[in-house]
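Here's a quick briefing to read alongside the model. Have a look at the fold first, then work through the points by topic.

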Amino acid sequence: MKIRVGVNGFGTIGKRVADAVARQPDLELVGVAKTRPSFEARRAVERGYPLYVAGSAGPEKFAAVGLPVVGRLSDLLGKVDVVVDATPEEVGRENRALYRAAGVRAIFQGGEEADVAEASFNALANYAACRGKRSLRVVSCNTTAIARAAAVLLPRWGVDHWEVTLVRRASDPGESKRGPVDGIVPTLEMPSHHGPDARTIFPELSIATTAVVVPTTLMHVHVNHVRLSRAPTGTGELLEAFRSTPRFHLFAPWEGVDGTPQVMEYARNRAGFSGVPTTDLVENVVWEAGVRVDGRDAHFFQAIHQESIVVPENVDAIRAMFDLCDGPTSVARTDQALGLVRPAGPGTPRAAPGGPARRRR
Ligand code: NAD
């Protein structure tokens, strides 16, 4: 029997989670809830997702613009086993009582404080500890990226201390009311909230994060300096660890990927030929040429597509809650359904044949 899923909040994250849930063989997308008619409500209807009304607006608002609705959020909650709340920050906490009263399990997003749910979740990091929970919080895009990298580093070499500078995008591409459109805005709170948030998953992790916001919409970039507890044999060992971990995408030097413009261009192209259904990029992106190990010190950059990195994590969080399978099985199942798993063909080049000359700027 499939787990019946509702999505409340059909914006940047919610619409992507709904699409991902709809592709999973063991999950059923029962419907999505929106507060008002919009292009996104229209998208839900065009995709065949039953549409429900959240909040105080009446169904007549939707009917007036020709969008059929099936019922109210309370009706949706009566038909599902779990709701994924993808409403704006702090609204999820307000919704918690509704979910409890309806007796449905709930998954919240990283904009909520950690205590909104029984545990914070990341599929590579703490799936096992989240099995059977009634509520989970999928950590934010930046914390998801850090947690995935921690899941690579910690079991292999341990981490004595980790410094991350987060270069954060100003807004998502579809937003027109946030900035800056010029200038660089440092987050003066130190550490930024990302380090403490990472410790909701790895309580013992020594990590200090600082952040600046820059005028871009494409991605975040993290600059990482990690003092490991034990030294890897060299850069190659760290590279191989990233390469062999699901949800990491490495770019070789010869691919000519200078920065986030080419990364997202790759994602747009990939959607055209690979079976990946969207132009999103849910993996941690690592530049091979930017990975370096000196003794116990590891350095690497990673780029994060903020709009999509948490999407597969929401799917895995559902499986963890209902104890459908173990973590690696869930990650593989999710990634297969999202078209991310490709057979390793003999024609997949890895080694850098010289690579383009480095430009200095
Ligand atoms: P969004 O504004 O794009 O989407 C939120 C949607 O919820 C909108 O469609 C809005 O109309 C709807 N909504 C508002 N009030 C509602 C209510 N009471 N009931 C139902 N729906 C309601 O926001 P988003 O970027 O998708 O963020 C959602 C959550 O995901 C936040 O916690 C955020 O911090 C987190 N998150 C966002 C990103 C990102 O980069 N956008 C990345 C990771 C996590």
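A search of the whole structure turns up 26 salt bridges, a salt bridge being a side-chain nitrogen of Lys or Arg within 4 Å of a carboxyl oxygen of Asp or Glu. Bear in mind that this is a predicted model, where local features need pLDDT of at least 70, side-chain atom pairs count only at pLDDT 80 or more, and totals for chains, interfaces and linings use all residues. Residues are numbered from 1 along each chain as its sequence is written, and side-chain values use heavy atoms, with hydrogens and water left out.

**Salt bridges**

- Let's start with Arg16 and Glu307, whose side chains meet in a salt bridge at 3.5 Å, N to O.
- This pair links distant parts of the chain, 291 residues apart: Arg16 sits in helix α1 (residues 12-22), and Glu307 is in the loop between β16 (297-304) and α11 (311-321). Helices (H or I, at least four residues) and strands (E, at least two) are DSSP runs, numbered from the N terminus.
- Arg16 is buried, with a relative accessible area of 15%, and Glu307 is buried too, at 10%. Here buried means under 20% relative accessible area, exposed means over 50%, and partly exposed is in between (1.4 Å probe, protein chains only). The areas come from the Shrake-Rupley method with a 1.4 Å probe, and for residues only the protein chains shown count as cover.
- Next up is the salt bridge between the side chains of Asp197 and Arg137, at 2.8 Å, N to O. Asp197 lies in helix α8 (residues 194-198) and Arg137 in strand β8 (residues 135-138), so the pair ties together parts that are 60 residues apart in sequence. Both Asp197 and Arg137 are buried.
- Asp297 is partly exposed, with a relative accessible area of 22%, and Arg227 is partly exposed at 37%.
- Salt bridges that share partners also make one network out of Asp26, Arg148, Arg247, Glu313, Asp316, Arg319, Arg333 and Asp335.

**The eight-stranded sheet**

- What is the strand order in the open sheet of eight strands? Reading across, the order is β4-β3-β2-β1-β5-β6-β8-β7, with parallel pairing. Two strands pair if DSSP finds at least two bridges between them.
- β4 (71-72) and β7 stand at the edges with a single partner strand each, so one side of each has no neighbour in the sheet.
- β7 and β8 run parallel and are joined by three bridges, with Leu136 in β8 as the bridge partner of Ala119.
- Val7 lies in strand β1 (residues 3-8) and is buried, with a relative accessible area of 0%.

**Strands β13 and β14**

- β13 (residues 248-251) and β14 (residues 284-287) pair in the parallel sense, over four bridges.
- Leu250 stands opposite Val286 in β14.
- Which way do the β13 side chains point? Phe248 and Leu250 point one way, His249 and Phe251 the other, and all are buried.

**Helix α11**

- 11 of the 11 residues of α11 are buried, so the helix is largely enclosed by the rest of the structure.
- After α11 comes Asp323, whose phi is positive, near 50 degrees.

**A negative patch**

- Glu89, Glu90, Glu94 and Glu113 form a negative surface patch. Patches are made of residues with over 30% relative accessible area and no salt bridge, with like charges joined within 9 Å and nonpolar side chains (Val, Leu, Ile, Met, Phe, Trp, Tyr) within 5 Å.
- On the charge side, Lys and Arg count as positive and Asp and Glu as negative, while His and the chain ends are not counted. The place of a charge is taken as NZ of Lys, CZ of Arg, CG of Asp or CD of Glu.
- Glu113 is in the loop between β6 (105-108) and β7 (119-121), and at 57% relative accessibility Glu113 counts as exposed.
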